[in-house]
Amino acid sequence: MNNAGLQGRQGRRSFAQRVRENLYTLRIDWVIYAMLLPTLVFFVLFRVLPILNMRLAFYTYKPKTAWVWAGLKYFRQIFSN
């Protein structure tokens, strides 16, 4: 009998088994993930959030009111000297 056909069926694990194995690996290697956490926090704070806040350059910002789309108005104002 050919084992190639059976190997695919026997080699499959259910989703719950894969999640359980991944959680076990995470629990074993928690120190590595703890060392990675400060890097991820730094990356999010100083790389991702500034990119998300760049949208302020295209709006007229007024506190406690809706932001009004300004487009390139402020860029034209800066570079028209």
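Modeller: Happy to. In this predicted model, Phe 15, Val 19, Leu 23, Leu 26, Trp 30, Val 31, Ile 32, Tyr 33, Met 35, Leu 36 and Leu 40 make a nonpolar surface patch of about 1100 Å². Helix 2 (15-28) and helix 3 are the elements that give two or more residues to this patch. Helix 3 provides the largest share of the patch, seven residues. One of the patch residues is Leu 40, which is found in helix 3. Leu 40 has a relative accessible area of 45%, so it counts as partly exposed.

Side chains of opposite charge can pair when their charged atoms come close. The structure holds one salt bridge. Its partners are Glu 21 and Arg 13, with the closest N and O atoms 3.3 Å apart. Glu 21 has a relative accessible area of 37% and is therefore partly exposed. Arg 13 is partly exposed too, because its relative accessibility is 43%.

Now for the aromatic side chains. A pair of aromatic rings is described by the distance of the centres and the angle of the planes. Rings pair if their centres lie within 6.5 Å, and by this rule there are six aromatic pairs. Take Phe 58 and Phe 75: their ring centres are 5.4 Å apart and their planes meet at 40°, so this pair is tilted. The pair links distant parts of the chain, 17 residues apart. Phe 58 sits in the loop between helix 3 (30-53) and strand 1 (59-60), while Phe 75 belongs to helix 4 (residues 73-79). Phe 58 is partly exposed because its relative accessibility is 28%, and Phe 75 is partly exposed because its value is 30%.

A further pair is made by Tyr 59 and Trp 67, with ring centres 5.6 Å apart and planes at 55°, so this one is tilted as well. Tyr 59, at 26% relative accessibility, counts as partly exposed. Trp 67 has a relative accessible area of 32% and is likewise partly exposed.

To put the rings together, ring pairs link Phe 58, Tyr 59, Tyr 61, Trp 67, Trp 69 and Phe 75 into a cluster.

Terms used
Residues are numbered from 1 along each chain as its sequence is written. This is a predicted model: local features need pLDDT of at least 70, side-chain atom pairs count only at pLDDT 80 or more; totals for chains, interfaces and linings use all residues. Side-chain values use heavy atoms; hydrogens and water are left out. Rings of Phe, Tyr and Trp (its six-membered ring) pair if their centres lie within 6.5 Å; planes under 30 degrees apart count as stacked, over 60 as edge-to-face and the rest as tilted. Helices (H or I, at least four residues) and strands (E, at least two) are DSSP runs, numbered from the N terminus. Buried means under 20% relative accessible area, exposed over 50%, partly exposed in between (1.4 Å probe, protein chains only). A salt bridge is a side-chain nitrogen of Lys or Arg within 4 Å of a carboxyl oxygen of Asp or Glu. Patches are made of residues with over 30% relative accessible area and no salt bridge: like charges are joined within 9 Å, nonpolar side chains (Val, Leu, Ile, Met, Phe, Trp, Tyr) within 5 Å. Accessible areas come from the Shrake-Rupley method with a 1.4 Å probe; for residues, only the protein chains shown count as cover.
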